[in-house]
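The report below is meant to be read with the sequence and the coordinates at hand. Please keep both in view while following the text.

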Amino acid sequence: MPRSRSQQISVADTPYYHCISRCVRRAFLCGEDKLTGNSYEHRRGWVERRLLFLASVFSIDICSYAVMSNHLHVVLHINQEKAKSWSTLEVLQRWHKLHQGTLFTQQYIRGEPQAAFALSLVEASAETFRNRLMDISWFMKELNEPIARQANTEDDCTGRFWEGRFKSQALLDEAALIACMAYVDLNPVRSNMSNTPEDSAFTSVKRRINSAKENNQPKVLFPFVGNPRKDMPDGLPFLLQDYLALVDMTGRIIRKNKKGVIDASLLPILQRLNISSDNWLCIATQFGKTTGCVVGKEYAVAHYCESHQRLRKPCRQSRQLLG
């Protein structure tokens, strides 16, 4: 039986989650439908623009994403401290970018005088909105619903566009996080939609590579801030150059009709995370097949299952891959 999102998502265990949404209809989300000849490639732009817009509104950061022909991958980071630091006014301003709010919240934003009972209602509404703005379920809802409405209008039909539930995976440690991000960024290469990561349209890795050429990082994505250390700023606990080298080398190897091996000595990121090159190639190409709803090294998964009173089903392959 599927578990509720409140049971699957626990920021106390990890702020990182991999989410997947799939189309429920035969019609493509994007790309070209070979049966009808219709092209839906422009819908990739819909999804990417909406995704990056939501990152500017929510207290949820985007680590990686890939918009595919009939599904969407995104790795998210929940930033609770950021949301808690917002004032009532900032919470309302952010929420009103998505919805109208209430009459009282609209009056508050305009700076109109309000009675004590109205201010009390505004504060209550702001706390509700604050919680929603750091909730992955609300994030995916605000992403998927507008896209579904646009697609239904374009297709001149009604009904569901996405599957009822998006899939989510808790990424419990750095090894799970880096493996999942690379898996997401290499989706177009693995499916022969593109030859190299830098050619992969509508992916986070293409955006990062383009920014790296100008010696900066895209502001719309969660930044790489280097290896863990004291007083570390918010960001991904890896060096950007290490990650791009890892993805580039992996992408070259997994291309169709290409064979090769990764020299682990050239990739400090694998050495630090204690992942062998053979294991890396397996998990980078088969992450979805070799992992469940909770991903991490054995001790991390055991601790998560114990704290959530879950019966853990041993996954020999996953334990081997993540050491």
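Are Y183 and F287 buried or exposed? Y183 is buried, and so is F287, where buried means under 20% relative accessible area, exposed over 50%, and partly exposed in between, with a 1.4 Å probe and protein chains only.

This is a predicted model, in which local features need pLDDT of at least 70 and side-chain atom pairs count only at pLDDT 80 or more, while totals for chains, interfaces and linings use all residues. Residues are numbered from 1 along each chain as its sequence is written, and side-chain values use heavy atoms, with hydrogens and water left out.

**Aromatic pairs**

The structure holds six aromatic pairs; rings of Phe, Tyr and Trp (its six-membered ring) pair if their centres lie within 6.5 Å, and planes under 30 degrees apart count as stacked, over 60 as edge-to-face and the rest as tilted. Two of the pairs are set out here.

| Pair | Centre to centre | Angle between planes | Class |
|---|---|---|---|
| F104 and F117 | 5.8 Å | 90° | edge-to-face |
| Y183 and F287 | 5.5 Å | 35° | tilted |

F104 in helix α5 and F117 in helix α6 lie 13 residues apart, and their pair links distant parts of the chain; helices (H or I, at least four residues) and strands (E, at least two) are DSSP runs, numbered from the N terminus. F104 counts as partly exposed at 25% relative accessibility, whereas F117, at 55%, counts as exposed. The pair of Y183 in helix α8 (residues 174-185) and F287 in helix α13 (residues 277-290) also links distant parts of the chain, the two residues being 104 apart.

**Helix α4**

W95 is also one of the buried residues of helix α4 (residues 88-95), together with T88, V91, L92 and R94. Seen down the axis of α4, these buried residues fall within an arc of 160°, so they line one face of the helix; the arc is that of the directions from the helix axis to the C-beta atoms. What covers them includes α2 (43-57), α3 (80-85), α5 (103-109), α6 (116-132) and α7 (136-155).

**Nonpolar cores**

The largest nonpolar core has 49 residues, and those with the most contacts inside it are I62, L76, I136 and M140; such a core is a set of buried Ala, Val, Leu, Ile, Met, Phe, Trp, Tyr and Cys residues joined through side-chain atoms within 4.5 Å. Among the elements that give two or more residues to this core are β1 (16-22), β2 (60-67), β3 (71-78) and α14 (298-307). Apart from it lies another core, of 41 residues, among them L171, A176, A179 and I254. Not counting residues up to four places away in sequence, L76 touches, among others, Y17, C19, I62, I136 and M140, contact meaning heavy atoms within 4.5 Å.

**Strand β1**

Six of the seven residues of β1 are buried. Seven bridges join β1 to β3, and the two run antiparallel, with S21 opposite L72 in β3; two strands pair if DSSP finds at least two bridges between them. β1 also pairs in the antiparallel sense with strand β4 (residues 167-171), over four bridges, and here C19 stands opposite S168.

Y17 has its place in strand β1 and is buried, with a relative accessible area of 0%. Y17 and I78 are 61 residues apart in sequence and 8.3 Å apart in space, C-alpha to C-alpha. The side chain of Y17 reaches the backbone oxygen of T14 at 3.1 Å.

Definitions and conventions
A polar contact is a pair of N or O atoms within 3.5 Å; within protein, one must be able to donate a hydrogen and the other to accept it, and residues adjacent in sequence count only if both atoms are side-chain atoms.
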